Number of protein chains: 2
Amino acid sequence: MPGVHAVITGDDFPVPETKIIELGEAGYVDMQDISDNCIAKGKVFYDGHVVAALAAETPHIAIEAARLIDVEYQLLPPVMTVKEAMAENATVIHETFTPGAFLARTRKVLPNAGGLTLAIGDVVKGFKECDVIIDRVFNTETVHQGYIESHVTTVTWNAEGLIEIYTSTQGQFAIRDQVAGILNIPIGKIRVIPLEIGGGFGGKDAAYLDPLAAVLSKRTGRPVRMSMRRDEVLRATGPSSGTQIRVKIGATKDGRLVAADLECAYEAGAFPGGPVGPAIMVATNRYRIPHQKIVGYDVLVNKPKIKPYRAPGAIPVNFAVETVMDELARELGLDPLEFRMMNAMATGDRMVSGLPCGKFDGKGLLEAMRKHPHYTAPKAAGTVGRGAAYAFYMHIGMQSDARVMVNTDGTVQLCTGSCDLSGTRLSLAMQLAEVFGIDVDRISASVGATDAIGYTFTSCGSRTTFATGLAVIKAGEMVLAAMRSRAALLWKVDPATIAFTDGRFHHNENEQLTMSFQELCSKLSETGGTISMSATVSPSDIGIQVAGHIVDVSVDTATGKVQLLRHTAFQDVGKAVHPGLVSGQMQGATAQGLGWALSEEYFYDHTGKLRNATLLDYRMPTALDLPMIEAVILETPNPAHPFGVRGAGEISIVPPVAAVANAIYDAVGVRPRSLPMKPSRLLDLMRSRDRH
Amino acid sequence: MPGVHAVITGDDFPVPETKIIELGEAGYVDMQDISDNCIAKGKVFYDGHVVAALAAETPHIAIEAARLIDVEYQLLPPVMTVKEAMAENATVIHETFTPGAFLARTRKVLPNAGGLTLAIGDVVKGFKECDVIIDRVFNTETVHQGYIESHVTTVTWNAEGLIEIYTSTQGQFAIRDQVAGILNIPIGKIRVIPLEIGGGFGGKDAAYLDPLAAVLSKRTGRPVRMSMRRDEVLRATGPSSGTQIRVKIGATKDGRLVAADLECAYEAGAFPGGPVGPAIMVATNRYRIPHQKIVGYDVLVNKPKIKPYRAPGAIPVNFAVETVMDELARELGLDPLEFRMMNAMATGDRMVSGLPCGKFDGKGLLEAMRKHPHYTAPKAAGTVGRGAAYAFYMHIGMQSDARVMVNTDGTVQLCTGSCDLSGTRLSLAMQLAEVFGIDVDRISASVGATDAIGYTFTSCGSRTTFATGLAVIKAGEMVLAAMRSRAALLWKVDPATIAFTDGRFHHNENEQLTMSFQELCSKLSETGGTISMSATVSPSDIGIQVAGHIVDVSVDTATGKVQLLRHTAFQDVGKAVHPGLVSGQMQGATAQGLGWALSEEYFYDHTGKLRNATLLDYRMPTALDLPMIEAVILETPNPAHPFGVRGAGEISIVPPVAAVANAIYDAVGVRPRSLPMKPSRLLDLMRSRDRH
């Protein structure tokens, strides 16, 4: 067709030479899977899976031309739920797996699932000690991160073989390494410039369009820009897992938790590697339970390859466990928060992984919840209920790099490798301002391209303010050391005699010798030039996030519609560098959690086609659906960070689901065990209750 | 006019708070002057001086709208030559000067000129010892660098007060600091991203359009792109000085130079700060002359503010001195190169500045010239002449910053702050490849924006491969030190026992323990992450450039047209990192020097209007005008650089003018003392000779 410059298919992509990129505590990337996910090679795994890509003069020509592509499909029966996928006679989705993939490493006899077990104590013996046992099954649906900006990339593969990628991403280095791996290109030949990002939440560190645009650029000899429509984002990028979770927890009659037995089946989508690993790690990991067995299944289904979504894996299992905890408390006649406090894990307790737990203050958080006016206030009149839930998550460390440059006018440039999803340029600049004793307005913070700043892991896992903050502080301290030498030069004294306190350099003994940070900046040119330092960190000590939420709901018994009346989110952030941004993170995460709770879900039909790939039909909460979310910030310093910072970006998404479920029970006496808790489902539950 | 979004004049610009930016050996920038040069404030100083700027929807609307601007000029008599400007009754161009400017610091009683004198010995006494004295006056015209890419910038002043500038420049930090100074903006609020540059030669480190586009962007709230047409480049950017130079040199009859007395008047253009300083430093600074007095004048004229042009200042005075040297040699009956060798300055000799001269080998270069087949070959038949000239220049040091990052696949990213005018990304990558013992193809080199890389002085003064090379080597050595620690970790040995030679890490004693650079790269992730180091240098030891050229010309006695027959350029570059790029620099510089010699000049009419502001009328040499230029590279290591590198970018522009002038004398017996040596001028000289 005139105006079309290139058309490519899976045949235009090589077999990756690098099989696996290991990412330490952040998992791994299977290069063949990610290549196959970018463009199908013979087999199409889900509705939205790319079969061809083309480059044309204009978007309009491209759309017309794409319609002219004929694909001959051989229809296979789709496998759409973990239950179907794990059935013995299930259609096998992948005949083979790349060695090293999670599923292959842990593969069970099940046709589409790999399993992983964590256990402590003796769970059979444990349940024998229990006076009360609750055993329930929960189901949740596939949901999407719902970032408002769609995926977009512009790639130039130039005549010298250098590939330049302008893309919206959480991790410029992740995109670089994935494109390098998919196309078998040396890493150094790729330059990724991260664009300002309109939301990611874990969904924007995988290559989707970038390798396609790269190959199209090579073919056409031109820059190629690609962007997704909204329906393409929902169909073809990585949402979070639908799940089926069985939770059995037992306690003694005096309220002591004794045993827990969980089976957590999480969708992986069309390729292995869903969030079941972190899910089982944190499933019960806030309570002391001596006997536990937790099995996780990573389950292939004919849906897009699952991506992390804010506190990956935690939400479904927290919904399940915190609902059972509420049920247990009521069975035992205990206040639900009191019951949680009685069993709360504390610093140093042995976790289900067998390791001792790091420093945190879960009891303090539960205590703050119990004393808060929201928890002690009388409920409003009507079919109103109050619920609470409690959650635990670990943030990650990983490598970060920061560059600090001081200018002669006392302003400072800060460049890091961390894409700014949530205002982290500011929270990083504030840490540097603290080191320098200057106003943060004097610091300009930016995000570096892969050729200008050192390797920095993706902005995810609540790591940026914490880990990149450490790199910033280290680089800042290197600058101060160099500036002390300059002051020493000016004052003709030994640098060791110069201290820096309260934003001033001064001599240990001679009070006359004192200079502000800014004054010394103005003398850098004459003492050897301006100062520029870079620092890399890879913290192994990280930190724990805890959060607890209280919610009041009113349930319309005629329609099943849940109205949120009041919501209070408690979170321990270690140190709130910028309290406004932290509150924003807590409120945004809570809003997303409430979307999981009440309205969000993927609808697939029996042919495996997604039927609600628009934001009208895929129903995220709007401002009209939500009350003002009160954010209560607690600060238990993280010993792994000089200012006590803990990762703060994720955990507040976790408690809303169970808190709402528990509040619904409190209001109308039914326990939703499937998400979302939409009107039709509640109406069914209430009718079923009324029939009994 | 519809479509016009903003119109600005000089009234929209503040009085700069920073008066002077000092640049060490590279001079200074007067902020008020540079602001006034960007846009006139009440007084228009030259044809091309901006009086207003506007932003419109399209370039066409902008051009139409600009025509609608009415300016009421009060006509003043223009001052167009140094002779006019220095006359006692001359029109005064500037009533006042900013304190600190060169002209103000050194102001004489002359109306438009400041003076500076260098002297050693006793020049009156010296001339008394001389047997032969030659005393001549030379004139040269204003010429332009002639970069093919015109000036272009795109500026966004965003709502947060951050200014982002994409501009074609030799120095992203220079533009940043100038825009900051002109607009009174903190340095940290400005980010300059240097674009790929299409030639600079000293003319692209001044702000012209950038501050205008910034103010227009602030007014319109949009990105503003501005570019110059060719005639605007010639009219309004900084060419090199027209000059008048008197040279009086005396020698004994046995060929020993004794005394020199020079007066060098260089145009500064409309604002102080032409290249007369370096001009007088290098005027005679390659010969031992015990008694010298050299006076330089920085002279205001109604032309654009002069900018550096490759070996700033050296060309006119070299033309004058080397012509006189040729005349002296012939007068004394000596071979011109023999005469120069007899008087050549050597390492450690006292320069006219009073300081001892650094390490170089001028005699070796002259010896190489004398022995070269070009010098010993018989001349072609006809009115053919052979000439030679010799030149000396110092390259600069200044601050440079480099970042080196190694990837897990053994590829390396190198980022520096040096804009690449001539292939320096490659010459820098090659130095790093040498440090790492790897192939240069494994290294990707890039140029950083001002927010990502440490302060680096402009790419000028032949400094980049030398000074930024030092920063690259230092950062590379820091990376190797860190890699030794990683090898030590893997081998469980003391890092001090590990050496790195021939591209391999190996244990001092245990021969089994050995690993290539690339092998160790693949183990970085597991030993603490990839490595990234940055280094800043401000070398105080720099280096000397010397060059000598031999040219054969044929003069058409009927038309005065000079045909270049053969040209050989000799230059000592210390160490040719990339011989092909070095030859290219020598050939390009020579071509420009030949343009000065034969055809380039600004024509101003009596009203001060430039009459040849096109590349048809401003006549640069083309491929048809030039012979193949043979580049002879000599390598006397520079002790200030571990590989011996000397700056190589400038000096070969200097000797061609005098070499051609001396060849013309050799061919037809007339001595041109004005540039360019165009047919009409030679014809006049030959006719005048024939009349006598």
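Lys379(B) and Asp666(B) form a salt bridge, with their closest N and O atoms 2.7 Å apart; a salt bridge is defined as a side-chain nitrogen of Lys or Arg within 4 Å of a carboxyl oxygen of Asp or Glu. The pair links distant parts of the chain, 287 residues apart: Lys379(B) is in the loop between helix H13 (373–376) and strand S14 (384–395) of chain B, and Asp666(B) is in helix H18 (residues 655–668) of chain B. Helices (H or I, at least four residues) and strands (E, at least two) are DSSP runs, numbered from the N terminus. Lys379(B) is partly exposed at 37% relative accessibility, and Asp666(B) is partly exposed at 22%. Here buried means under 20% relative accessible area, exposed means over 50%, and partly exposed lies in between (1.4 Å probe, protein chains only). In chain A, salt bridges that share partners join Arg136(A), Asp326(A), Glu327(A), Arg330(A), Lys379(A), Asp666(A), Arg671(A) and Arg673(A) into one network.

The model is predicted, so local features need pLDDT of at least 70 and side-chain atom pairs count only at pLDDT 80 or more, whereas totals for chains, interfaces and linings use all residues. Residues are numbered from 1 along each chain as its sequence is written, chains are lettered from A and ligands numbered from 1 in the order in which they are written, and side-chain values use heavy atoms, with hydrogens and water left out.

Over all chains, the count comes to 78 salt bridges. One of them joins the side chains of Asp231(A) and Arg235(A) at 3.8 Å, N to O. Both residues lie in helix H8 (residues 230–236) of chain A, four residues apart, about one turn of the helix. Asp231(A) is buried, with a relative accessible area of 19%, and Arg235(A) is partly exposed at 21%. In chain B, the side chains of Asp261(B) and Arg246(B) meet in a salt bridge of 3.7 Å, N to O. Asp261(B) belongs to strand S12 (residues 257–269) of chain B and Arg246(B) to strand S11 (residues 243–251) of chain B, so this pair ties together parts that are 15 residues apart in sequence. Asp261(B) is buried at 14% relative accessibility, while Arg246(B) is partly exposed at 25%.

The contact between the chains (heavy atoms within 4.5 Å) takes 35 residues from chain A and 34 residues from chain B. The area buried between chain A and chain B is about 2500 Å², and carbon and sulfur atoms give 39% of this area. Buried area is the accessible area (1.4 Å probe) that two parts lose on being put together, summed over both. Two salt bridges are counted between chain A and chain B. In a salt bridge of 2.5 Å, N to O, the side chain of Arg403(A) meets that of Asp401(B). There are also 21 residue pairs in polar contact between chain A and chain B, both residues being at pLDDT 80 or more. A polar contact is a pair of N or O atoms within 3.5 Å; within protein, one must be able to donate a hydrogen and the other to accept it, and residues adjacent in sequence count only if both atoms are side-chain atoms.

The largest nonpolar core has 105 residues, and those with the most contacts inside it are Val660(A), Ile664(A) and Met677(A). Helix H10 (residues 314–332) of chain A gives the most to this core, with 11 residues. A nonpolar core is a set of buried Ala, Val, Leu, Ile, Met, Phe, Trp, Tyr and Cys residues joined through side-chain atoms within 4.5 Å. Leaving aside neighbours within four places in sequence, the contacts of Ile664(A) include Val553(A), Val562(A), Pro672(A) and Leu682(A). A second, separate core of 97 residues includes Ile294(B), Tyr602(B), Ile664(B) and Val670(B).

His507(B), in strand S19 (residues 504–507) of chain B, is buried with a relative accessible area of 12%. The side chains of His507(B) and Thr497(B) are joined by a polar contact of 3.2 Å. A polar atom of the His507(B) side chain also lies 3.0 Å from the backbone nitrogen of Asn510(B). Ile175(B), in helix H6 (residues 172–183) of chain B, is buried at 2% relative accessibility.
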